[in-house]
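Hi there,

Here is the structure I promised to pass on to you. Please have a look at it first, and then read on for what turned up.

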Amino acid sequence: MGYEVYGLGRDFSKVDTTEEKFHSILCDVLETDELCTCVKKITSQCQVRVLINNAGVGYYGLHEELNPKKIKEMVRTNLEVPIILTQQLLRHLKKNAGYVINISSVTANGSNPRGCAYGATKAGLASFSHSLFDEVRKYGVKVMTIFPDMTKTNLYRHADFREGEELESYLLPEEIAATVEFMLSQREGFVMSDITLKPQFHRIRR
């Protein structure tokens with residue numbers, strides 16, 4: 001779409017970083033000072049119009065079998081970091097009538113046995129999105145949330161289940177990206193606040 005994209009992450013070894021307009025920035029988003037320094041460097045070089053909060057981590061199982069470290073990692077990665085990044089960039093997004101796109105989860109809208117804490121972080125992100133939109137819509141800022149169902153990524157590396165074997169039982173990362181592109185392609189003044197994405201089949205394998 002012609003955007004200069006700045007990607008923040010700890011590891012880009014599995015990412016194609018040869019794209020001319022993609023800039024990989026090594027950053028542990030859980031190191032708040034480091035994160036804010038990266039944001040300041042980016043905003044000093046360019047005008048930011050779009051923020052996509054996509055980083056996420058999930059631990060599954062009985063809640064009593066989690067530990068404080070895993071719970072803290074989920075709360076910070078899935079909820080604290082998007083809130084901080086948005087706060088750091090909001091003045092720039094107001095100036096540019098920009099977008100905040102938060103990648104939540106279908107778990108935000110339901111009961112999640114064996115995923116209580118993860119679902120709670122995604123519900124918190126959705127609540128933040130809805131409240132923020134009402135706060136900043138008068139400045140032209142669009143706040144949008146995508147609620148994907150099971151997607152074929154490494155999110156489930158800590159789980160005792162995976163997506164189903166059939167293509168119809170999971171979403172692809174490219175389909176999430178296409179949804180982001182679709183949201184950014186709408187006319188000024190039209191906002192898709194929430195989009196839920198689901199595969200045709202509801203199946204998992206253990």
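Which residue forms a salt bridge with Glu 166? The partner is Arg 203, with the closest N and O atoms 2.4 Å apart. The pair ties together distant parts of the chain, 37 residues apart: Glu 166 sits in the loop between strand E6 (162–163) and H4, while Arg 203 belongs to the loop between E7 and strand E8 (204–205). Glu 166 is partly exposed, with a relative accessible area of 29%, and Arg 203 is partly exposed too, at 40%. Please keep in mind throughout that this is a predicted model.

On to the other salt bridges. A search of the whole structure gives 6 of them. One joins the side chains of Arg 49 and Glu 188, at 3.6 Å from N to O. Here the partners are 139 residues apart, with Arg 49 in the loop between helix H1 (32–45) and strand E3 (50–53), and Glu 188 in the loop between helix H4 (173–184) and strand E7 (194–197). Arg 49 counts as partly exposed because its relative accessibility is 30%, and Glu 188 counts as partly exposed at 46%.

Glu 188 has another salt bridge, to Lys 142, where the closest N and O atoms are 2.7 Å apart. That pair also links distant parts of the chain, since Lys 142 is in strand E5 (residues 142–148), 46 residues from Glu 188. Lys 142 is buried, with a relative accessible area of 4%. Through shared partners, salt bridges join Arg 49, Lys 142 and Glu 188 into one network.

Lys 122 is buried yet has no salt bridge, and the nearest side chain of opposite charge, that of Glu 73, is 12 Å away. What does lie 3.0 Å from a polar atom of the Lys 122 side chain? It is the backbone oxygen of Ile 103. Not counting residues up to four places away in sequence, Lys 122 touches Asn 78, Ile 103, Ser 104, Ser 105, Thr 107 and Ala 108.

One of those, Thr 107, is found in the loop between strand E4 (99–103) and H3. Neighbours within four places in sequence aside, Thr 107 is in contact with Asn 112, Tyr 118, Gly 119 and Lys 122. Its C-alpha atom is 14 Å from that of Leu 155, which is 48 residues away along the chain.

Next, Thr 86 in helix H2 (residues 68–95). Is Thr 86 buried or exposed? Its relative accessibility is 1%, and therefore Thr 86 counts as buried, the cut-off being under 20%. The Thr 86 side chain makes a polar contact with the side chain of Asn 53, at 3.5 Å. Beyond its neighbours within four places in sequence, Thr 86 is in contact with Leu 51, Asn 53, Val 100, Phe 128 and Leu 132.

Last, the cysteines. The search of the whole structure finds 0 disulfides. For Cys 36, the nearest cysteine sulfur is that of Cys 27, 9.1 Å away; a disulfide needs the two sulfur atoms within 2.5 Å, so Cys 36 is in none. Cys 36 is buried, with a relative accessible area of 14%, whereas Cys 116 is partly exposed at 43%.

Happy to talk any of this through.

Best wishes

How values were computed:
Residues numbered from 1 in each chain as written. Predicted model: local features only at pLDDT ≥ 70, side-chain atom pairs only at ≥ 80, totals over all residues. Heavy atoms only, no water. Helix = DSSP H or I, 4+ residues; strand = E, 2+ residues; numbered from the N terminus. Buried < 20%, exposed > 50% of the residue type's maximum accessible area, 1.4 Å probe, protein only. Polar contact = N/O pair within 3.5 Å; in protein donor to acceptor, adjacent residues only side chain to side chain. Contact = heavy atoms within 4.5 Å. Lys, Arg positive; Asp, Glu negative; His and termini not counted. Salt bridge = Lys/Arg side-chain N within 4 Å of Asp/Glu carboxyl O.
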